[in-house]
Amino acid sequence: PNPNCVQLMDEIYSNFLQKHQVDQVLIAGRWVHADLGRLRETLTWLKNRNINIVLFGPMVQYDSSFPRLLARSIQLNNPDFPDQHRLDEFERLDNEMRSMSTELGVPYVSFFKILCADRHCVEYAQRAPLQSDNSHFTPEGSMFFAARLQSSDRPTVVR
């Protein structure tokens with residue numbers, strides 16, 4: 001982990017959250033399986049202090065640069081090309097995180113449930129790529145995701 005991030009998180013958990021009332025803590029990260037133990041501890045710590053939490057799962061990730069995969073799919077005239085390079089390990093991690101969230105009673109947001117269906121994930125938002133890399137939305141992708149997240153018929157947030 002980045003030392004600056006560790007220092008910031010230490011400050012938030014040992015100081016800020018102890019002294020300030022917050023409406024809700026949104027927890028997101030570039031998750032890997034090894035994070036699950038610490039994440040469970042963090043969620044439990046927050047719940048024990050009656051802090052409302054929403055956990056965001058792992059982002060849809062690919063084995064190569066997402067913009068490069070989109071360009072190659074256009075070259076090959078193969079719209080399924082990016083899906084063929086999606087890393088399934090992050091969908092499995094999403095399932096594990098969702099289960100942990102349910103067990104702990106923490107609302108959970110799944111990028112996979114919001115962005116993917118039938119082994120195909122959304123790749124474009126307003127004719128722009130959805131993602132700029134494996135962990136960040138483009139501005140258009142952010143707006144697209146926010147709209148999907150706000151939709152009232154979404155069965156994607158587990159409470």
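Student: Leaving aside neighbours within four places in sequence, which residues is Phe-112 in contact with?

Tutor: Bearing in mind that this is a predicted model, Phe-112 is in contact with Pro-58, Met-59, Val-60, Arg-86, Phe-90, Glu-91 and Asp-94, once its neighbours within four places in sequence are set aside. Phe-112 and Met-59 are 53 residues apart along the chain, and their C-alpha atoms are separated by 7.4 Å.

Student: Where is Phe-112 placed, and is Phe-112 buried or exposed?

Tutor: Phe-112 sits in helix H5, which covers residues 111-115, and Phe-112 counts as buried because its relative accessibility is 3%.

Student: What about the chain overall, how many helices and strands does it have?

Tutor: The protein chain has six helices and eight strands, and along the sequence they follow the pattern α-β-α-β-α-α-β-α-β-β-β-β-α-β. Its C-alpha atoms fill a box of roughly 55 × 40 × 25 Å along the principal axes. Of the contacts between residues at least 6 apart in sequence, 71% join residues at least 24 apart.

Student: And what percentage of the residues is buried?

Tutor: Buried residues account for 39% of the 159 residues in the protein chain. The accessible surface of the chain is about 9700 Å², and 51% of that belongs to carbon and sulfur atoms.

Student: Let's go inside, then: in the largest nonpolar core, which residues touch the most other members?

Tutor: That core has 41 residues, and Ile-27, Leu-43, Leu-55, Leu-115 and Phe-145 are the ones that touch the most other members. Helix H4, residues 88-104, supplies the largest share of this core, with five residues.

Student: Staying with helix H4, is Ser-101 buried or exposed?

Tutor: Ser-101, which lies in helix H4, counts as buried because its relative accessibility is 0%. Apart from neighbours within four places in sequence, Ser-101 is in contact with Leu-55, Val-106, Pro-107 and Tyr-108.

Student: And what does Leu-115 touch, not counting residues up to four places away in sequence?

Tutor: With those left out, Leu-115 touches His-120, Cys-121, Val-122, Leu-130, Phe-137, Phe-144, Phe-145 and Arg-148.

Student: Changing topic to the backbone, what is phi for Arg-119, and where is Arg-119 placed?

Tutor: Phi of Arg-119 is near 65 degrees, a positive value in a residue other than glycine. Arg-119 belongs to the loop between strand S4 (116-117) and strand S5 (120-121), and Arg-119 is partly exposed, with a relative accessible area of 47%.

Student: And what is phi for Asn-50?

Tutor: Asn-50 has a positive phi of about 55 degrees although it is not a glycine. Asn-50 lies in the loop between helix H2 (36-48) and strand S2 (53-56), and Asn-50 is exposed, with a relative accessible area of 71%.

Key. Residues are numbered from 1 along each chain as its sequence is written. This is a predicted model: local features need pLDDT of at least 70, side-chain atom pairs count only at pLDDT 80 or more; totals for chains, interfaces and linings use all residues. Side-chain values use heavy atoms; hydrogens and water are left out. Helices (H or I, at least four residues) and strands (E, at least two) are DSSP runs, numbered from the N terminus. Buried means under 20% relative accessible area, exposed over 50%, partly exposed in between (1.4 Å probe, protein chains only). Contact means heavy atoms within 4.5 Å. Accessible areas come from the Shrake-Rupley method with a 1.4 Å probe; for residues, only the protein chains shown count as cover. A nonpolar core is a set of buried Ala, Val, Leu, Ile, Met, Phe, Trp, Tyr and Cys residues joined through side-chain atoms within 4.5 Å.
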